[in-house]
Amino acid sequence: IEISGINVFPAQIEELAVKKGYVDECVVFSYIDNGKPKIVLQTEIELDEYTKEKIKHEIKIELSHWSVPSVFYVAPIPRTELGKIDFVKAKENFCK
């Protein structure tokens, strides 16, 4: 994902959210809103506002402010036939 010329790596955001214990599993992807890319963090459980702010804060400190999710999305995480996360399907479901 490129935001304002800066590379943002979804795997780093996912790893940080899981490593810090905020979520067991998540998917990060981008979508275009009014011509600008936005970062989405998808989980299967609803996160309270405090947890969302903690995640944003940790990402801003450890990665960059470009990596901070602007949207938290709650929905089942889609899987491939092999049981791996289907990132393409996750983004498609969000953009419907």
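Helices (H or I, at least four residues) and strands (E, at least two) are DSSP runs numbered from the N terminus. Residues are numbered from 1 along each chain as its sequence is written, and side-chain values use heavy atoms, with hydrogens and water left out. Because the model is predicted, local features need pLDDT of at least 70 and side-chain atom pairs count only at pLDDT 80 or more, while totals for chains, interfaces and linings use all residues.

**Strands and their partners**

- β3 and β4 pair in the antiparallel sense over seven bridges; strands count as paired if DSSP finds at least two bridges between them.
- Within this pair, Ser 30 stands opposite Ile 39 in β4.
- The two strands form a hairpin with two residues between them.
- Asn 34 sits in that turn with a positive phi of about 55 degrees, although Asn 34 is a residue other than glycine.
- Asn 34 is exposed, with a relative accessible area of 75%; here buried means under 20% relative accessible area, exposed over 50%, and partly exposed in between (1.4 Å probe, protein chains only).
- On the other pairing, β4 (residues 36-43) and β5 (residues 71-74) run in the parallel sense over four bridges.
- Leu 41 stands opposite Phe 72 in β5, and Gln 42 stands opposite Tyr 73 in β5.
- The chain crosses from β4 through helix α2 (residues 49-62) to β5, and this β-α-β crossover is right-handed: with the strands pointing away from the viewer, the path from the first strand over the helix to the second runs clockwise.

**Helix α2**

- Asp 48 caps the N-terminal end of α2, with a side-chain oxygen 3.2 Å from the backbone nitrogen of Tyr 50; a polar contact is a pair of N or O atoms within 3.5 Å, where within protein one must be able to donate a hydrogen and the other to accept it, and residues adjacent in sequence count only if both atoms are side-chain atoms.
- At 1.5 Å a residue, the 14 residues of α2 should span 20 Å, and its end C-alpha atoms are 20 Å apart, which agrees; the expected span is 1.5 Å times one less than the number of residues.
- The buried residues of α2 are Thr 51, Lys 52, Ile 55, Glu 58 and Ile 59.

**Helix α1**

- In α1, the buried residues are Ile 13, Glu 14, Leu 16 and Ala 17.
- Seen down the axis of α1, they fall within an arc of 165 degrees, so they line one face of the helix.
- This buried set packs against β3, β4, α2 and α3.
- Exposed Glu 15 and Lys 19 are on the face of α1 turned away from the buried side.
- Gly 21 follows α1 and has a positive phi, near 85 degrees.

**Cysteines**

- Cys 26 lies in the loop between α1 and β3 (27-33), and is buried, with a relative accessible area of 3%.
- Not counting residues up to four places away in sequence, Cys 26 touches Glu 14, Ala 17, Val 18, Leu 41, Gln 42, Thr 43, Ile 77 and Ile 85.
- Cys 95 is found in helix α3 (residues 87-95) and is partly exposed, with a relative accessible area of 46%.

**Two serines in loops**

- Ser 67 is found in the loop between α2 and β5, and at 4% relative accessibility Ser 67 counts as buried.
- Leaving out residues up to four places away in sequence, Ser 67 touches Val 8, Ile 13, Ile 39 and Ile 59.
- Ser 4 lies in the loop between β1 (2-3) and β2 (6-7), and counts as exposed at 60% relative accessibility.
- Ser 4 has a positive phi of about 50 degrees although it is not a glycine.

Technical notes: Contact means heavy atoms within 4.5 Å. The arc is that of the directions from the helix axis to the C-beta atoms.
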